[in-house]
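Here is a short report on one protein chain. Keep the sequence and the 3D view open as you read.

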Amino acid sequence: DSSGLESINVLGGSYSFNDNLSAALYASDLEDTFKKNYANLNYTVPFSDEQSLNVDFNIYTTDYDKKAYGKSLDNTIWSLAAAYTFGAHTLTLAHQRSTGDAGYDYGADGGGTIYLANSIQLKDFNAEDETSWQGRYDLDMASFGVPGLSFMARYVAGDNATLYEGTTQIADDASRWERNFEAKYV
C-alpha cells in the first residue's frame, strides 16, 4: 500500500432507536500512527407534516503515537448543526470547533472523508484551533412540481486557524471562508 498502512483495527456500529433518533460510535487504531474515536447523535423533531427540526452532532478524538510524531499530540474536533425544514425550504445553522495540539489528520485510515457539518466542497475547516460557522439554505423543487431538482446556497467562515504547509507553520490566527451554490437533479 503506497500510504504505508501496515494494519488498522476498527470497531464500531450505528443504531436507530426509532425513526427520529440514531447514534453511532466507532474506534480505530492505526498501527504506529494514531488512535481515533468517532461518535454521532442525530435527532429529528417533527412539528407537523410540513415542519421539522433536525439536530446532528459529530465528534472525533485523535491521540497521535508519540514514537511516530516525536511528541505527544492530540486533537478533538466536533460539529453541531440544526436544520429547520418548512415545506420545500430548509435553513441550517452549524458550528464546528477543532482543539488540541494539531488539526484533524485524515491519515491512511480513510482518505478525505469526515462527517462534520463544515467539511464541505473545498475546505474542511479542520485546522488546529479553528472555529467555524455555516449558514445554509436548501430548496426542494418537488413541492413545485419538479421532483428530483434541488438548489443549495451556503456560506462558511472560519477563524483562529493555525495553518501549516507540510511541517512549517505558515499562519497563526488565520481566517478563511467558502461559499457554494449548487443546482442538482437526481
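## A pair across two strands

Start with Asn37, which stands opposite Thr61 in strand 4. This is a predicted model. Strand 3 covers residues 34-46, strand 4 covers residues 51-64, and the two pair in the antiparallel sense over 13 bridges. A hairpin of 4 residues joins strand 3 to strand 4.

## The whole chain

Now step back. The protein has 1 helix and 9 strands. Read from the N terminus, the elements run β-β-β-β-α-β-β-β-β-β. The C-alpha trace spans about 60 × 40 × 30 Å along its principal axes.

Follow the pairing onward from strand 4. Strand 4 and strand 5 (residues 74-86) run antiparallel, joined by 13 bridges. Two partner pairs can be picked out here. Val55 has Ala82 in strand 5 as its bridge partner. Asn54 stands opposite Ala83 in strand 5.

Next come strand 5 and strand 6, which run antiparallel and share 12 bridges. Asn75 has its bridge partner, Gly100, in strand 6. These two strands form a hairpin with 2 residues between them. Gly87 sits in that turn and has a positive phi of about 60°. Strand 6 (residues 89-100) is also joined to strand 7 (residues 131-140), by 9 bridges, and this pair runs antiparallel too. Here Ala94 stands opposite Gln134 in strand 7.

## A residue in strand 8

Look for Leu163, which lies in strand 8. Which residues does Leu163 touch, leaving out those up to four places away in sequence? They are Ala127, Thr168, Gln169, Ile170, Ala171, Ala174 and Arg176.

Compare Leu163 with Ser150. The two are 13 residues apart in sequence, and their C-alpha atoms are 35 Å apart in space.

## Salt bridges

How many salt bridges does the structure hold? There are 2. In one of them, the side chains of Arg176 and Glu130 meet at 2.7 Å, N to O. This pair links distant parts of the chain, 46 residues apart. Arg176 is in strand 9, while Glu130 is in the loop between strand 6 and strand 7. Arg176 is also among the residues that Leu163 touches.

## The largest pocket

The largest pocket holds about 590 Å³ of space. It is lined by 19 residues, and those closest to its centre are Ala102, Gly103, Glu128, Tyr164 and Gly166.

Which element gives the largest share of the lining? It is strand 8 (residues 149-165), with 4 residues. By type, the lining divides into 9 nonpolar, 5 polar and 5 charged residues.

Notes:
Residues are numbered from 1 along each chain as its sequence is written. This is a predicted model: local features need pLDDT of at least 70, side-chain atom pairs count only at pLDDT 80 or more; totals for chains, interfaces and linings use all residues. Side-chain values use heavy atoms; hydrogens and water are left out. Two strands pair if DSSP finds at least two bridges between them. On a 1 Å grid over the protein atoms alone, a cavity is a set of points where a 1.4 Å probe fits but cannot get out, and a pocket is an open set with protein on both sides within 12 Å along at least five of seven lines; lining residues have an atom within 4 Å of a point. Grid points are joined across faces, edges and corners, and a volume is the space filled by probe spheres set on the points. Ala, Val, Leu, Ile, Met, Phe, Trp, Tyr, Cys and Pro count as nonpolar, Asp, Glu, Lys and Arg as charged, and the others, Gly among them, as polar. Contact means heavy atoms within 4.5 Å. A salt bridge is a side-chain nitrogen of Lys or Arg within 4 Å of a carboxyl oxygen of Asp or Glu.
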